[in-house]
Amino acid sequence: MPDGKVQLRPAPITDSLRPFPHWPAGGVISTADGLLSYGEAMLLSYHHYPGRFLNSDTVKSLWNYKPPVGITTDTLSDAEGNHHAHVQHLYAMGWERIDFPADGKDRVWNHTTGVFHIGGIGGSSAILMIFPEANIAFSAIANIGGVGGALQALGISVYHSIYSAFVKQ
């Protein structure tokens, strides 16, 4: 400035991926705790608890397989490197669903179903994973993009660690 005074002006909020005022991910901004709160609300609805925000049948419909998207059978790995064979991977309404078959070695996985949604944009990734019958929800947010598969493996490991404490092997 010619008179020697400096003026401070607030910088506009910008998103390098989309011009202001648009936000990434449809405007959804959350924390891991916020994702868990949503997961808990979905579980309360699924299990018919009073005060739920959705009807149980609605949640079950959201989490059921929706044709014509194909069903794939995969081998999934958890964060410890354990492999789970013959896991069915299905698409539901905005959710991915994994159905574990009966497992004679590890009863934790016998007919277990998990639903999850992975999202990411730019340099971040997030997951919300729910195991409805076990009443367990898991969320994680990473400050690096493209790590959805690693977050899924972490969610599977967390479920196993928590639930195996309640199931005698």
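Good morning. I begin with a turn: strands S2 and S3 form a hairpin with four residues between them, and Gly94 in that turn has a positive phi of about 80 degrees. Strands here are DSSP runs of E of at least two residues, helices are runs of H or I of at least four residues, and both are numbered from the N terminus. Two strands count as paired if DSSP finds at least two bridges between them.

This is a predicted model, in which local features need pLDDT of at least 70 and side-chain atom pairs count only at pLDDT 80 or more, while totals for chains, interfaces and linings use all residues. Residues are numbered from 1 along each chain as its sequence is written, and side-chain values use heavy atoms, with hydrogens and water left out.

S2 and S3 pair in the antiparallel sense over four bridges, with Gln88 opposite Asp99 in S3. On the other pairing of S2, five antiparallel bridges link S1 and S2, and Thr72 stands opposite His89 in S2. The hairpin of S1 and S2 has five residues between the strands, and Gly81 there takes a positive phi near 90 degrees.

Let me turn to the whole sheet. Six strands form an open, antiparallel sheet in the order S1-S2-S3-S4-S5-S6. Strand S1 (72–77) and strand S6 (136–142) stand at the edges with a single partner strand each, so one side of each has no neighbour in the sheet. From one strand to the next, the twist averages 30 degrees. Axes are lines fitted to C-alpha atoms, for helices over the stretch in contact, and angles run from 0 to 180 degrees between N-to-C directions.

S5 (residues 124–131) and S6 run antiparallel, joined by seven bridges; Leu128 has Ser139 in S6 as its bridge partner. Helix H1 (residues 32–46) packs on the sheet, touching S5 and S6, and its direction makes about 155 degrees with that of S6. Contact means heavy atoms within 4.5 Å.

Finally, the second largest pocket has a volume of about 200 Å³. Of its 17 lining residues, the closest to its centre are His83, His84, Asp103, Asp106 and Trp109. A pocket is an open set of points on a 1 Å grid over the protein atoms alone, where a 1.4 Å probe fits, with protein on both sides within 12 Å along at least five of seven lines; lining residues have an atom within 4 Å of a point. The volume is the space filled by probe spheres set on the points, which are joined across faces, edges and corners. S2 gives the largest share of the lining, four residues.
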